[in-house]
Amino acid sequence: HDMGKCLGIGAVLTSLRRTYSGAYTVENAFTLEQIASAAQQGNVRNLFLPVDSLFMQCPQTVINEEQKRKCLVGNSFSVELQDGEYRVYDADGTFLMLGRVDGGIMSTKKSFFEITAN
């Protein structure tokens, strides 16, 4: 409508195909039939990508146990990294958070871990 208005003529969108969204492309997509089939077989979770795949443009870093302890309670901690955003993992390879480093201090931008009561 807006383009037609600018051109002084009518306009209508008859189709739209999204070929990518962020880092994900149509080549990585599943059809509704594939999703339905996986759901019927109880395998729909196998189609999910890990959440850290959203942040592949950020370098990854592994934190030690003391840093992890602070991370899990929302505290900032010292690191020897350049300023920027990082995918943060523990020594076991578990994705913990998207972190931000400013002046050698890592803080949480978004956490992705779950705290369970003991």
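1. How many helices and strands does the secondary structure of the protein chain come to? The chain has 3 helices and 7 strands, where helices (H or I, at least four residues) and strands (E, at least two) are DSSP runs, numbered from the N terminus. Along the sequence these elements follow the pattern α-β-β-α-β-α-β-β-β-β. The radius of gyration is 21 Å, well over the 13 Å that the globule rule gives for 118 residues, so the chain is more spread out than a compact globule. This radius is taken over C-alpha atoms, and the globule rule is 2.2 Å times the number of residues to the power 0.38.

2. A word on the basis of this note. The model is predicted: local features need pLDDT of at least 70 and side-chain atom pairs count only at pLDDT 80 or more, whereas totals for chains, interfaces and linings use all residues. Residues are numbered from 1 along each chain as its sequence is written, and side-chain values use heavy atoms, with hydrogens and water left out.

3. The C-alpha trace of the protein chain spans about 65 × 45 × 25 Å along its principal axes. Of the 118 residues, 24% are buried; buried means under 20% relative accessible area, exposed over 50%, and partly exposed in between (1.4 Å probe, protein chains only). Among contacts with a separation of 6 or more, 42% join residues 24 or more positions apart, a contact being heavy atoms within 4.5 Å.

4. Aromatic rings deserve attention next. A search of the whole structure finds 4 aromatic pairs. Rings of Phe, Tyr and Trp (its six-membered ring) pair if their centres lie within 6.5 Å; planes under 30 degrees apart count as stacked, over 60 as edge-to-face and the rest as tilted. One of these pairs, Phe-55 with Phe-95, is tilted, at 6.3 Å centre to centre and 35 degrees between the planes. This pair links distant parts of the chain, 40 residues apart: Phe-55 is in the loop between α2 (32-40) and β3, and Phe-95 is in strand β6 (residues 95-102). Phe-55 counts as buried because its relative accessibility is 15%, and Phe-95 is buried as well, with a relative accessible area of 10%.

5. Phe-55 also forms a tilted aromatic pair with Phe-112, at 5.6 Å centre to centre and 50 degrees between the planes. The partners are 57 residues apart, with Phe-112 in the segment after β7 (105-111). Phe-112 has a relative accessible area of 27%, so it is partly exposed. Ring pairs link Phe-55, Tyr-89, Phe-95 and Phe-112 into a cluster.

6. Thr-61 lies in strand β3 (residues 60-62). Is Thr-61 buried or exposed? Thr-61 counts as buried because its relative accessibility is 13%. Leaving aside neighbours within four places in sequence, Thr-61 is in contact with Leu-81, Tyr-86, Arg-87, Val-88, Tyr-89 and Met-106. Tyr-89 also belongs to the ring cluster.

7. Lys-68 has its place in helix α3 (residues 65-72). With 17% relative accessibility, Lys-68 counts as buried. Which residues does Lys-68 touch, not counting those up to four places away in sequence? Lys-68 touches Ile-63, Asp-90 and Leu-96.
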